Structure formats: structure tokens, C-alpha cells
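This report goes through one protein model, from the whole chain down to single residues. Please look at the sequence and the structure before reading on.

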Amino acid sequence: MMLYEQDNFEAFWLEYEAIHADPTTRRVHAIGTFLCGLMIITGLVTGLWGLLLLGPLIDYGLAQVSHRAKGQRTQPYRNPVWHVRAELRLFRGTIAGLFSIRST
């Protein structure tokens, strides 16, 4: 997968965006990212520290299910910082797209 052969984030992002082009994959990722963020915030506020670990695991699990359904496999542990950064950019774009006014 060319995703892991990139030497800068913008090149990585272009590959990342390409494998997340399917709207269903993007939505599943957005749900996972939202749940992860919610669990991390809840864990920090309530002191339920297990949620700090559970959030990213749920996010990863949902993302992998969405990719496996398309016959893809990603390996976020190969570059976790870029993956998190790309995931947050994908989330922002997906949410913005859901709430944008589209002309027909």
C-alpha cells in the first residue's frame, strides 16, 4: 500500500483520502472518531480511566470493519501520528459535508 511509503504528511493525506473515498467508509470513520472523542472526554471528566483505552479501540475496530468490507486493510500502527492527524481531518471534512447546503 503506497500509504506507508510517503515521506510527508500531505502525500500521506492524498493516499489516505483516496482509500477513504467511499461515503460509507467516511461515515463509519466519523462515527468511530466521534465515539472515541466522547469516551476520552467522559473518561477524563469522570475518572473512568478505562474509557481512555476503550475509545481508541472502538474507533480502530469500526474503521477496520469499514475497510475489510471493501477488501482493504490499513495499518495505523505504522505511522500513528499521521493516522490520527488524517483521521481528524477526515472527520472534519465528513461532518462539514454532512451539514453543507448542496445545490442541485
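## Overall fold

The model is a predicted one. On that basis the protein chain has four helices and zero strands, and its elements run α-α-α-α from the N terminus on.

Along the principal axes, the C-alpha atoms fill a box of roughly 40 × 40 × 25 Å. Of the 104 residues, 33% count as buried. Among contacts with a separation of 6 or more, 62% are between residues 24 or more positions apart. The accessible surface comes to about 6,800 Å², and carbon and sulfur atoms account for 66% of that.

## Helix 3

Helix 3 covers residues 50-68, 19 residues in total. From first C-alpha to last it reaches 27 Å, close to the 27 Å expected at 1.5 Å a residue.

The buried residues of this helix are Leu51, Gly55, Asp59, Ala63, Gln64, Ser66 and His67. They pack against helix 1 (9-19), helix 2 (23-46) and helix 4 (80-99).

Thr25 is found in helix 2. Thr25 counts as buried because its relative accessible area is 2%, and the cut-off is under 20%. Leaving aside residues up to four places away in sequence, Thr25 touches Ile19, His20, Ser66, His67 and Lys70.

Ile31 is also in helix 2, but is partly exposed, with a relative accessible area of 49%. Together with Phe34, Leu35 and Leu38, Ile31 makes a nonpolar surface patch of about 360 Å².

Technical notes
Residues numbered from 1 in each chain as written. Predicted model: local features only at pLDDT ≥ 70, side-chain atom pairs only at ≥ 80, totals over all residues. Heavy atoms only, no water. Helix = DSSP H or I, 4+ residues; strand = E, 2+ residues; numbered from the N terminus. Expected span 1.5 Å × (residues − 1). Buried < 20%, exposed > 50% of the residue type's maximum accessible area, 1.4 Å probe, protein only. Contact = heavy atoms within 4.5 Å. Patch = residues over 30% accessible without salt bridge, like charges linked within 9 Å, V, L, I, M, F, W, Y side chains within 5 Å. Areas by Shrake-Rupley, 256 points an atom, 1.4 Å probe, with all protein chains shown as cover. Salt bridge = Lys/Arg side-chain N within 4 Å of Asp/Glu carboxyl O.
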